[in-house]
Amino acid sequence: MSADMMRAVVQDGFGGPEVLRVQQVARPVPLPTEVLVRVHAAGINPVDWKTRGGTGMAGLLGEPPFTLGWDVSGVVEEVGFGVTTLKVGDEVYGMPWFPRVANAYAEYVTAPARQWARKPAAVDHVHAAAVPLAALTAWQAVVDTANVRAGQRVLVTAAAGGVGHFAVQFARHLGAHVIATASAARHPWLKELGANETIDYTTTRFEGATADVDVVIDLVGDAHDQTSTRSLKVLRPGGLLVAIPAGVSPELAQAAEAAGVRVTPFLVEPDGAALRTIADLIDAGEVAVEVEETFPLEQAGAAHARGEAGRTRGKLVLTLTN
């Protein structure tokens, strides 16, 4: 393979995991203010397989062909003109360009230098690649949107997933009382991460098991058993529901107003500064990163199939050898 080419996972149409295939494509060149990163690992998120199938961010990306992926951990290979914050050889991680195409399922990625942060020193590239999109979603929801404070009661649905396990830890770090929904097998682990209470969603309706909640971080949505609408019942007057998977429907907004609570949609944004703070928390041992399984780049389809099957603890990650 020539120096100006690289391997990347490309899809030529929407469909199942079988549409993902590895091929050679042109290696990107960094523009001014950008860096070229040699990818060591790429995280996989639900938005990836949703987009692959024609939902998720497909409406923004347009028709294939394109390369999926937004989570990257790797090493700076080249810096464009004007970059002063990073240098060749730096280990970095990031969620570049979201929700525009970022091409993370590839050997090299280019993006603005300030969308990256130095990789947490305490973890390897595989675990670092599991952080950006999930942790930034949790951070921006818990810290920036909900402004969670010490002593508040925070409910996190789907707490054992990628975003959920970070949301539990960030809320607990801020001094909140954290209530987490997950299957019973995940409860001991979630309590290790800082959950004060756990609810088995397979046997118990959370609205019957908790109340007087200040903030709900809902990672399930109304498409699954009316989880967002049911969340309104546990909020105290003036409480906030952050509805992440599907946003806020007119019906949900009306129900929230009638219940005297607040509701907001949410979409994560690239944030190098927040990633630096998150890296510090990881390096201090205050935040753990969970990776359930890794797959080589050539098995991106199998990784998607595994993710879509559900019940993942933490994240799935693609690994690359350059």
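**View A. Strand 7 and helix 9 in the lining of the second largest pocket.** Strand 7 (116-118) and helix 9 (272-283) each supply at least two residues of this lining; helices (H or I, at least four residues) and strands (E, at least two) are DSSP runs, numbered from the N terminus. The model is predicted: local features need pLDDT of at least 70 and side-chain atom pairs pLDDT 80 or more, while totals for chains, interfaces and linings use all residues. Residues are numbered from 1 along each chain as its sequence is written, and side-chain values use heavy atoms, without hydrogens and water. Helix 9 gives the largest share of the lining, five residues. Among the lining residues are Thr85, Trp116, Arg118, Gly272 and Asp280.

**View B. Ala8 in strand 1.** Ala8 belongs to strand 1 (residues 5-10). Ala8 is buried, with a relative accessible area of 1% (buried means under 20%, with a 1.4 Å probe and protein chains only). Leaving out residues up to four places away in sequence, Ala8 touches Arg21, Val22, Gln23, Val25, Thr67, Tyr105 and Ala106 (contact means heavy atoms within 4.5 Å). Thr67 lies 59 residues from Ala8 along the chain, and their C-alpha atoms are separated by 7.1 Å.

**View C. Helix 4 against helix 9.** The axes of helix 4 (residues 132-145) and helix 9 come within 10 Å and cross at roughly 100 degrees. Axes are lines fitted to C-alpha atoms, for helices over the stretch in contact, and angles run from 0 to 180 degrees between N-to-C directions. The two helices are therefore roughly perpendicular (65 to 115 degrees). Pro132, Ala135, Leu136 and Trp139 in helix 4 meet Ala274, Leu275, Thr277, Ile278 and Leu281 in helix 9.

Note on methods
1 Å grid on protein atoms, 1.4 Å probe; cavity = no way out; pocket = protein on both sides within 12 Å on 5 of 7 lines; lining within 4 Å. Buried < 20%, exposed > 50% of the residue type's maximum accessible area, 1.4 Å probe, protein only. Parallel < 35°, antiparallel > 145°, perpendicular 65-115°, else oblique.
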